[in-house]
Amino acid sequence: MTLGDHLQLSETQEYRLVRALQVALAVILGYGLVTLQFELAVNAGLPLAVTFLPALLRREYSYTMDAGLVLLITVAVFLHAFGSLGFYVWFSWYDEITHTVSAFLVAGIGYAVLTALEKHSSEIELTSNLRGVFILVFVLAFSVIWEVFEFGAVWVSQVLGTTSPVQVFGIDDIVTDMVFNVIGGVLVAVWGTGYFEDFVPFIRRRLR
């Protein structure tokens, strides 16, 4: 089951939705550049670049990613860029949604890597419970790296006298982010691994 399956979208409709979100990201990027809001341009430009990774993998490795996974990646990065318009400040719950969706994607990638390693090596074999623990540890480790990156970006921006593309709202916000990152990881461990099964054979081929 993929995001498109749950929304009862055909593959064509999923790709059309991806294109629509890419156009929206390009509009936000253009708005950021025209209004000289470079932090907004960065927050839209990088996510827009990420949405082209599936096309890059198809061109470089002849790997066609499942349309549902492409849609999930695009939705995750779009929510971040869209929030940069002000939704992170206006609505505290918006940050919780983006962290949950992003953590779902990160946890899924961790699951795909682990499964590929298991299939690649006979020396690696985990129980379903240990896989769940790995997914949670993986997403928590990535969360720590992300929070350190945010602190670093804010510090560098203060030193340079520029506006940071990311914001830090304090310890309470970090703890809340961690909680919803864990929720995203739990969703993958309990229910969402099927979203990423299509990605496993591709990673395994890269291990050879």
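Predicted model: local features only at pLDDT ≥ 70, side-chain atom pairs only at ≥ 80, totals over all residues.
A residue here counts as buried under 20% relative accessible area, exposed over 50%, and partly exposed in between.

Let's start with the charged pairs. The structure has two salt bridges. In one of them, the side chains of arginine 131 and glutamate 118 come together at 2.8 Å, N to O. That pair ties distant parts of the chain: arginine 131 sits in helix α7 (residues 128–160) and glutamate 118 in helix α6, 13 residues apart. Arginine 131 has 26% relative accessibility, so it counts as partly exposed. Glutamate 118 is at 13%, which means buried.

The other bridge joins glutamate 60 and arginine 59, with their closest N and O atoms 3.0 Å apart. Arginine 59 is exposed because its relative accessibility is 64%, while glutamate 60, at 47%, is partly exposed.

| Residue | Relative accessible area | Class |
|---|---|---|
| Arginine 131 | 26% | partly exposed |
| Glutamate 118 | 13% | buried |
| Arginine 59 | 64% | exposed |
| Glutamate 60 | 47% | partly exposed |

Next, a look at helix α9, which runs over residues 200–207. Its buried residues are Val200, Phe202 and Ile203. They lie on the same side of α9, because the arc they cover around the axis is only 165 degrees. As for what they pack against, the partners of these buried residues are α4 (53–61) and α6 (92–120).

Leucine 48 is another one to click on. This residue belongs to helix α3 (residues 38–50) and is buried, because its relative accessibility is 13%. Leaving aside residues up to four places away in sequence, leucine 48 touches Gln22, Leu25, Ala26 and Leu29. There's also alanine 81: its C-alpha atom is 8.9 Å from that of leucine 48, though 33 residues separate the two along the chain.

Finally, the surface. A nonpolar patch of about 730 Å² is made by Ile171, Val175, Val179, Ile183, Val186, Leu187, Val190 and Trp191. One of these, isoleucine 183, is found in helix α8 (residues 171–192). How exposed is isoleucine 183? Its relative accessibility is 35%, so it goes down as partly exposed. A residue needs over 30% relative accessible area to join a patch.

Terms used:
Residues numbered from 1 in each chain as written. Heavy atoms only, no water. Patch = residues over 30% accessible without salt bridge, like charges linked within 9 Å, V, L, I, M, F, W, Y side chains within 5 Å. Areas by Shrake-Rupley, 256 points an atom, 1.4 Å probe, with all protein chains shown as cover. Salt bridge = Lys/Arg side-chain N within 4 Å of Asp/Glu carboxyl O. Helix = DSSP H or I, 4+ residues; strand = E, 2+ residues; numbered from the N terminus. Buried < 20%, exposed > 50% of the residue type's maximum accessible area, 1.4 Å probe, protein only. Arc of directions from axis to C-beta. Contact = heavy atoms within 4.5 Å.
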